[in-house]
Amino acid sequence: MQPKAALTGASALLSALNVWATGNAAPAAAAKASETETPESKPAESKPAESKPAESKPAKSKPAKSEHSDAAPAQSAAGQTSHTQDEHAEVTPRRSDEKRDEKRVLASPASPAPVQPRPVQPLSWPPRRLSLALQGGGSFGAFTWGVLDRLLEDGGCEFDAISGASVGAVNAALLACGLIVDGREGARKLLARFWNRVTKEASFRSLMLVGGFSPAGSSVAFGQTLQSGRFDPYDLDPLRRALQKDIDFDALRASVCPRLLVAATRIRDGGQKIFRNTEITADTLLASTCPPMVHCAVEIDGESYWDGGYSGNPPVVGLVQESDTTDVLVVQVTPARDHYVPITSAAIDRRLDQITANAALNAEIAGLEWANRDGEASAQPLRIFRLAAEDEIEGLAQRSAVDLGRGFITQLHRAGYTAADRWLRQTPNQVPSSSETPRRESTAFWLPPSFADTTP
């Protein structure tokens, strides 16, 4: 406020007090007050000062009222200015935001075009590098022996990472050890020696080495008196020595050894434990093949474990995460399909074992399928192939996983060898003969009937 305006306002206040004291000019003061409040009370009706400048002239003819007349237009102008500033304040942020957006658009490069799925690169066949997922299933693991025998014979495919559970873990360790110690031919001989000895002995110990006993199957075979920790005629020492006889566990720690992922089931919470090369010992393999209804749990570093088939049979997601290659071969030995409805206790238990063994595998395959479909486009998407024993042997679901007869083991080996040979000889980009038409050819992600719809 200017000094002159302050003095004028003070004299006006004194005049008003004098008039009020005498009581002579109350109506006039009220009238003047109403004139003064009018511009403030109705700022919307008061036009800007430039619209009618002539209205301010009466102030010159009435000096007595000039103090109030000058104050009123000043207040009106102040109100108008404040109102205009508010409107300007509301508009200014919007304009500044618009200018800022314009600057960003001008400064930023042109918006990229939507990402289009890249075409699948021609499939190099047979794959030069392959990761393996080996399922467990007792004596059915001889089918995996046949598959590995043919892959090793080919010589054109290197192994990146190998996962396994139960007998699949034993096959994985035999394969890796043989490759490091004596090359591809050494691996073939080591696998053949192990399975021939198991077949020749056909003993209780042999069944435990391959994880042939299941909770249901063993209870049927040995009766309800069979309890964990009470029926263990061979204990763990003979089993441990049998594995140490065939597998050089120090060789698995070599830098050139394929990466191994051996699964076991943690009893405390049912979680999956993955043992890698430096952690794999005879006890690790025994934990992965441990049938809980036959012998006591295997303890490693204060933690107790059962058969790895309950938590991951075999681990597939972890295998893909640790693989450098995009080609993964799943060897499934436990039957997933059975067109007969079981009636007897033994048949019901056998079927429950088969469903349980494949449940975790189905879940992991479905998760990878979803990730491969909704993930970012890549030049070479993940390709998962499958060789299933049930596709090669009719009625496998009715056979027993504890059958170590030489004829049955030989049949399984021959079927695995033939399936792998046919898989290797297929033309590039051809759908594997053991699978149905792929769901999505653009991703080359092929699922077997057992992974998808089992409805006939």
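How many salt bridges does the count come to? Here are some friendly notes.

1. The total is 24 salt bridges, where a salt bridge is a side-chain nitrogen of Lys or Arg within 4 Å of a carboxyl oxygen of Asp or Glu. This is a predicted model, in which local features need pLDDT of at least 70 and side-chain atom pairs count only at pLDDT 80 or more, while totals for chains, interfaces and linings use all residues. Residues are numbered from 1 along each chain as its sequence is written, and side-chain values use heavy atoms, with hydrogens and water left out.

2. D160 is buried at 2% relative accessible area, whereas R129 is partly exposed at 39%. For these words, buried means under 20% relative accessible area, exposed over 50%, and partly exposed in between (1.4 Å probe, protein chains only).

3. R266 and D269 also form a salt bridge, with their closest N and O atoms 2.9 Å apart. R266 is buried at 17%, but D269 is partly exposed at 46%.

4. D403 and R399 meet in a salt bridge too, at 3.4 Å, N to O. D403 is partly exposed at 26%, and R399 is partly exposed at 31%.

5. Finally, a network of salt bridges links D149, R150, E153, E185, R188, D421 and R425.
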